[in-house]
Amino acid sequence: MNRISVIGSLNMDLVIQTERVPLAGETISGRDFNLIPGGKGANQAIAAAKAGSPTSMFGCVGDDEFGEVLLNSLKDAGVNTVNVSKTSKVRTGVASIILESSGENRIIIISGANNLVDAAYVDSHWDEIKLSSLILLQHEIPLETCHYIIKKAHASSIPVMLNPAPFHEIPTDVLTKVDYLVVNEVELQGIVPAQVSSIEDVIRAGKEINQMGVKQVLITLGGDGAVLVSNEEVIHQPAFTVNAVDTTAAGDTFVGYFASAIINGFGLKQALVNSCGAAALAVTKVGAQSSIPCNDDTQSFVQKYTTEGVR
Ligand code: ADP
């Protein structure tokens, strides 16, 4: 059966909204506080499941209240969570996010239980993981685990999609084993440190990565859509014009939808359209996992937009 395995992070986002951040030693009253289920791994798993693909999450949470909430959020979206470990050694990962009214944000991540996703965890779940049609990875579990999985998957001929966020350097012998690399502009420049100020620059950088051995390179460009660069073709899908209110999880929505389209055998053009359509819908809503649209909504939005030019 076609199935996606996401091996990645689960974090509780602790979001404080405030007029301004306090000075050292100062106490101020903030505006609002929310607990929002997140973590790039969990967000992308939810996007893939909402896109309609059987999706299993692999990772680790603490044996605490946040861990329960995160698992329930995944289950509600239809993600299989039986392989997510619970530990009593450390707490569930958290991201402490301070949003200033100016739009400036400050984020501190405590990886917590995500740090326990190591080679031994991967080996002990490999019988399950190896049944996947695609393995989806990000950079919010230990980097050495990520690299270990990519090499192991390659040896077993299981395709890997890597979204290297947050960016850390990827060794060449690992990069060459990635089948689909999905990067935003910042991550792109981490790999190809050239000036990127136009679509042509993006395509040039994408081709350089093709030459390094990655067959399919996807570059997301926020309000400028996304570009696919492979040895055979280059496709630029402009963004769907929407009233953007919150871009949180836009990239994660794109990645999860793209993974789903790939394992369902969609052509690359159609995969790009679906992913940009879903990500555009996600930016019209506040929130992370809750803003990720289901496939029916995405399909009717894309169809309406294309046939009626709905904005
Ligand atoms: P990240 O959040 O990872 O940096 P991007 O900002 O590139 O990712 O956004 C991912 C995708 O979300 C884009 O390729 C695009 O399809 C969609 N998107 C982002 N911002 C907007 C926007 N303002 N309007 C429409 N679509 C958007």
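Predicted model: local features only at pLDDT ≥ 70, side-chain atom pairs only at ≥ 80, totals over all residues.
Which residue does the side chain of Lys-130 meet in a salt bridge? The partner is Asp-127, and the N to O distance is 3.4 Å. Lys-130 is partly exposed, because its relative accessibility of 42% falls between the limits of 20% and 50%. Asp-127, at a relative accessible area of 58%, lies over the 50% limit and is therefore exposed.

Strands of a sheet pair through backbone hydrogen bonds, and they may do so in parallel or antiparallel fashion. In this model, eight strands make up an open sheet with mixed pairing, arranged in the order E4-E1-E9-E10-E11-E12-E13-E14.

Strand E13 (residues 226-230) and E14 run antiparallel and are joined by four bridges. Within this pairing, Leu-228 stands opposite Ile-235 in E14.

Helix H10 (residues 268-283) lies across strand E12 (216-220), E13 and E14. Relative to E14, helix H10 runs at about 25 degrees.

Attention now turns to the aromatic side chains. The structure holds five aromatic pairs. One of them is formed by Tyr-180 and Phe-258, with 6.5 Å from centre to centre and 65 degrees between the planes. The pair is edge-to-face because its angle is over 60 degrees. It links distant parts of the chain: Tyr-180 belongs to strand E11 (residues 180-184) and Phe-258 to helix H9 (residues 250-263), and the two are 78 residues apart. Both Tyr-180 and Phe-258 are buried. Ring pairs also bring in Phe-254, so that Tyr-180, Phe-254 and Phe-258 are linked into a cluster.

Another aromatic pair lies within a helix. Phe-301 and Tyr-305 are both in helix H11 (residues 295-308), four residues apart, about one turn of the helix. Their rings are 5.8 Å apart, centre to centre, and the planes stand at 55 degrees, an arrangement described as tilted. Phe-301 has a relative accessible area of 14% and is buried. Tyr-305 is likewise buried, with a relative accessible area of 13%. An aromatic ring also takes part in a contact with a charged residue: Lys-152 lies over the face of Trp-126, at 5.0 Å from the ring centre.

Salt bridges form a further set of contacts. Side chains of opposite charge can pair when their charged atoms come close. The model contains ten salt bridges, among them the Lys-130 and Asp-127 contact described at the outset. Glu-26 and Arg-20 form another, with the closest N and O atoms 2.6 Å apart. Glu-26 is partly exposed at a relative accessible area of 29%, and Arg-20 is partly exposed at 36%.

A salt bridge also joins Asp-252 and Lys-40, where the closest N and O atoms are 3.8 Å apart. This pair links distant parts of the chain, with Asp-252 in helix H9 and Lys-40 in helix H1 (residues 40-50), 212 residues apart. Lys-40, at 24%, counts as partly exposed.

Finally, Phe-167 may be examined in its loop. This residue lies between E10 and helix H6 (172-175), and at 25% relative accessibility Phe-167 counts as partly exposed. Leaving aside residues up to four places away in sequence, Phe-167 touches His-139, Glu-187, Gly-190 and Ile-191. The C-alpha atoms of Phe-167 and Ser-197 are 19 Å apart in space, and the two residues are 30 residues apart in sequence.

Notes. Residues numbered from 1 in each chain as written. Heavy atoms only, no water. Phe/Tyr/Trp six-rings, centres within 6.5 Å; stacked < 30°, edge-to-face > 60°. Buried < 20%, exposed > 50% of the residue type's maximum accessible area, 1.4 Å probe, protein only. Lys NZ or Arg CZ within 6 Å of the ring centre and 35° of its normal. Pairing = 2+ DSSP bridges. Contact = heavy atoms within 4.5 Å. Axes fitted to C-alpha atoms, helices over the stretch in contact; angles between N-to-C directions. Salt bridge = Lys/Arg side-chain N within 4 Å of Asp/Glu carboxyl O.
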